[in-house]
Amino acid sequence: MLGKGLLKGMRVTFKTFFHKKETLQYPEEKLTMPARFRGGELDLNTEKCIACGLCKMACPNHVIEITTAMDDAKKRHLKSYVYHSGLCLYCNFCVEACPTKAISWDKNYENSRYFRDELDVDCLAIAKQKLTKTISADDKASAEKDNTLKGGILDE
Amino acid sequence: MQEIMSLFQIAKMLRALLESFLPDQQLVDICMSLINIGAIFTIISLSAVVLVYAERKVSAFIQRRSGPNRVGPKGTLQSVADMVKLMAKEDIMPDGADRWMWMLAPMLLFIPAAAVFVVFPFDNKAIFADLNIGIFYFIAISSQSVLPFLMAGWASNNKYSLVGGMRTVAQMLSYEVPMVLSILGIVMLVGSMRMSTIVAAQEQVWFIFLQPIAFVVYVITATAEINRAPFDLVEGESELVAGPFTEYTGMRWALFFLAEYANLLAVSAIAATLFLGGWNGPWLPGWIWFFLKIGAMIFLFMWFRWTFPRLRIDQLMSFGWKILLPLALANVIITGIGMYIYEFFS
C-alpha cells in the first residue's frame, strides 16, 4: 500500500520520542573511558619503576625526559621524570616498552591548558604526591586500629 | 466552569469594567477592538517563543537527546535568550541588494501571517470578525505570503536566495490548488464559509470522520504551504544555504522566523477548526479545547518534520499535481454524490 513506509517511519520516531535519553550532561557527568583508552598524562608508579629508561628510548618524539642516578650499590634511581604531553602522539610505545608496567595512562580527556608550559608534566612529583595522599588516607583508617604502622610506611 | 471561563464571558466582564469609567459607548468599542488585536498579537509572538522551544524539544526527543536544558528550568528560557541574541545582532545588508524590496520583504511576509488570525474562532462567539466568507478570506490572505518570499529572494542579490524564492512560488502556488479543493469538501457539507457555522456544524460529528481524505490532503498541502519538512526545499540547507533567508540577519531574520511559526499556528488552527471540531468539547472551556487541538496538530507537523527526508523538486511537483490534485477532486465528487444520496434517502 502507498504510504505504508511513511507510517512505519512515524511509528519509529514516535517510539524513540519516549525512549530514554542518551545525552550525558558533560560538566556534571563524565564518561569513564574504556580500558584501552590512550590519553591524558602518564601515570608513574614509583614503586615499580626501575629507571631503566626503556620508555624514553621507545618514544618516537622524545616526549619523555629522564635523569637517573646510581647509588652506592650500583642501583639506578629515578631523579626526575618529565612527560611533555604537548609532543605526545599517544602511540602507547612507552607503556608497551616498560618491563615492570610502571607507567599507564591516567585516562583523562580534559587536556586543554592555558599555557604551553603546563603541558610539561612532572610525573615523579605527581606520583610522590599521590603516594603521600593515599598513605595519609590509609592512615586515617589504620591509625585508629594500629598506631605503630604509621611511622614505618612514611619513612620509606 | 465551562460557561464562566469562556472567552465571551471574559470579554463581557472586561466590557463592563471599561463601561464603568469610560464615558462614551464608542470609546468602549474602540478599546475592546484594540484589546482584541493586542490579544491576537500576543498569541502570535508568544506562540513563536513557545513553538521554538517545543520544536527543539520534540526534535531532541525524537533523536534521543534531551534538548535545551541549561537556560532556566528545563531550558524553558532558551528561546528568550535566543530572542535577546537576535535583537543584539548586527544588521547586515548585502552589497547590490535591492534596498527597499529587501527591507520590505520580512515585514510584508508578517502581515498576511498575522491577518489570517482575524477569522479564527478561539471560543464560542470569540472571533474577531465573523466574516461570511471566513475560510475564503483565510485562503486569499495566506496565499499573499508567496510574494514576500520571492521579493526576499530577488532583492538579496544572491543566487541561492533567488532559487529559493522561485521554488517557494512554484511550491506554494501548486499546493494551494489541492488545499482549496480539500477545504471545498467541508464547505459543501456545511453550505457556508462562515467559521462559526462550520464549527457549530461539528457539534455532533467532527469532519475528520466525514472527510478523512480531505484531512489527509489538507495536512500534506498545509505542510507544503508553510514550507516545512519534508517540503522545505525552499530553505534546503544542503543545497540552498537558507533560501530566501540567506542574506538576512538579526531582527529581519527573526521576522521571517516569526512569520513561519505564525503560519504554522494558522494552518494548525484551520485544521482544528475545519476537521477537529474547533472549540467544541466537554467540561473544559472552549478556548482550552481549541488550543489543545492546535497543539495536537502542531505536534503532528513537528513529528513529520523530524521523521521524513526532504523531497526532490520534481518529486514535489509531480506529487502535488498528479496525486494530490486528483485525490482532492475525487473527494469533492464523492462528497457531492454522497450528499445527493443522503438527501435522497432522508
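Let's start with two helices in chain B. Helix 7, residues 159-190, packs against helix 14, residues 313-345, at an angle of about 10 degrees. Their axes lie 9 Å apart. Axes here are lines fitted to C-alpha atoms, for helices over the stretch in contact, and angles run from 0 to 180 degrees between N-to-C directions. So helix 7 of chain B is roughly parallel to helix 14 of chain B. Angles under 35 degrees count as roughly parallel, over 145 as roughly antiparallel, 65 to 115 as roughly perpendicular, and the rest as oblique.

By class, the contact of helix 7 with helix 14 of chain B has 17 nonpolar, 8 polar and 1 charged residues. Nonpolar means Ala, Val, Leu, Ile, Met, Phe, Trp, Tyr, Cys and Pro; charged means Asp, Glu, Lys and Arg; the others, Gly among them, are polar.

A word on the model. It is predicted: local features need pLDDT of at least 70, side-chain atom pairs count only at pLDDT 80 or more, and totals for chains, interfaces and linings use all residues. Residues are numbered from 1 along each chain as its sequence is written, while chains are lettered from A and ligands numbered from 1 in the order in which they are written.

Next, where the chains meet. 10 residues of chain A are in contact with 9 residues of chain B. Contact means C-beta atoms, placed from the backbone, within 7 Å. On the chain B side, 5 of those residues are nonpolar, 2 polar and 2 charged.

Now chain A itself. It has 5 helices and 5 strands. Both are DSSP runs, numbered from the N terminus: helices are H or I, at least four residues, and strands are E, at least two. From the N terminus, the order is α-β-α-β-β-α-β-β-α-α. Of its 156 residues, 12% are buried.

Look at strands 2 and 3 of chain A, residues 64-70 and 76-84. They run antiparallel, joined by 7 bridges. Strands pair if DSSP finds at least two bridges between them. A:Ile64 has A:Tyr83 as its bridge partner in strand 3. The hairpin has 5 residues between the strands, and A:Lys74 takes a positive phi near 55 degrees there.

Last stop: A:Arg113. Where does A:Arg113 lie? In the loop between strand 4 and strand 5 of chain A. Why is A:Arg113 called exposed? Because A:Arg113 has 12 other C-beta atoms within 10 Å. The cut-offs: 20 or more is buried, 12 or fewer is exposed, and in between is partly exposed, with C-beta atoms placed from the backbone. Not counting residues up to four places away in sequence, A:Arg113 touches A:Glu118 and A:Leu119.

How values were computed. Two residues are in contact if their C-beta atoms, placed from the backbone, lie within 7 Å.
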